[in-house]
Amino acid sequence: MHPIILMILFGLTVEQTTSLCAPMEYIIHVEKRECAYCLAINTTICAGYCMTRDSNGKKLLLQSALSQNVCMYKDLVYQTVRIPGCSSHTVPFYSYPVAVSCKCGKCNTDYSDCVQEAVKANYCTKPQKPSNM
């Protein structure tokens with residue numbers, strides 16, 4: 001086999017093995033002002049590293065043509081939990097995504113926030129109840 005073809009195949013193999021984008025366990029805390037308790041929900045999110053190539057010709061390309069791969073949902077399902085201790089006029093249900101599988105790809109701003117924000121505190125201000133999910 002030609003050496004250049006071998007190098008291309010090797011590069012593709014390395015890219016696939018270095019992209020470590022996969023579902024990972026994550027705990028979110030959910031509370032509503034009208035409810036007495038906070039829920040700690042165990043779920044899965046997509047997280048990890050995706051291989052990105054930097055274009056040498058980026059000065060010649062439009063800004064919209066420059067994007068990086070991000071770890072995002074490939075398949076997901078939504079689950080719903082009931083927050084305990086809610087007043088009668090409050091909807092006590094909360095739905096959240098659960099990652100089934102993940103992929104590396106261009107971030108779609110139609111349904112994703114593609115800007116990495118500072119990590120916000122993930123905690124309860126009310127008594128905590130673990131979810132049954």
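1. Leaving aside residues up to four places away in sequence, Ser101 touches Pro23, Cys46, Tyr73, Lys74 and Asp75, where contact means heavy atoms within 4.5 Å. The model is a predicted one, in which local features need pLDDT of at least 70 and side-chain atom pairs count only at pLDDT 80 or more, while totals for chains, interfaces and linings use all residues. Residues are numbered from 1 along each chain as its sequence is written, and side-chain values use heavy atoms, with hydrogens and water left out.

2. Ser101 lies in strand β4, residues 93–106 (strands are DSSP runs of E, at least two residues, and helices runs of H or I, at least four, numbered from the N terminus). With a relative accessible area of 19%, Ser101 is buried, a term that means under 20% relative accessible area with a 1.4 Å probe and protein chains only.

3. The side chains of Ser101 and Asp75 are joined by a polar contact of 3.0 Å (a pair of N or O atoms within 3.5 Å; within protein, one must be able to donate a hydrogen and the other to accept it, and residues adjacent in sequence count only if both atoms are side-chain atoms).

4. The largest nonpolar core has 10 residues, among them Ile28, Leu39, Val81 and Val98; such a core is a set of buried Ala, Val, Leu, Ile, Met, Phe, Trp, Tyr and Cys residues joined through side-chain atoms within 4.5 Å. Two or more residues of this core come from each of β1 (20–31), β2 (38–49) and β4. A second, separate core of 6 residues includes Cys46 and Cys102.

5. The protein has 1 helix and 5 strands, and of its 133 residues 22% count as buried.

Key
Buried < 20%, exposed > 50% of the residue type's maximum accessible area, 1.4 Å probe, protein only.
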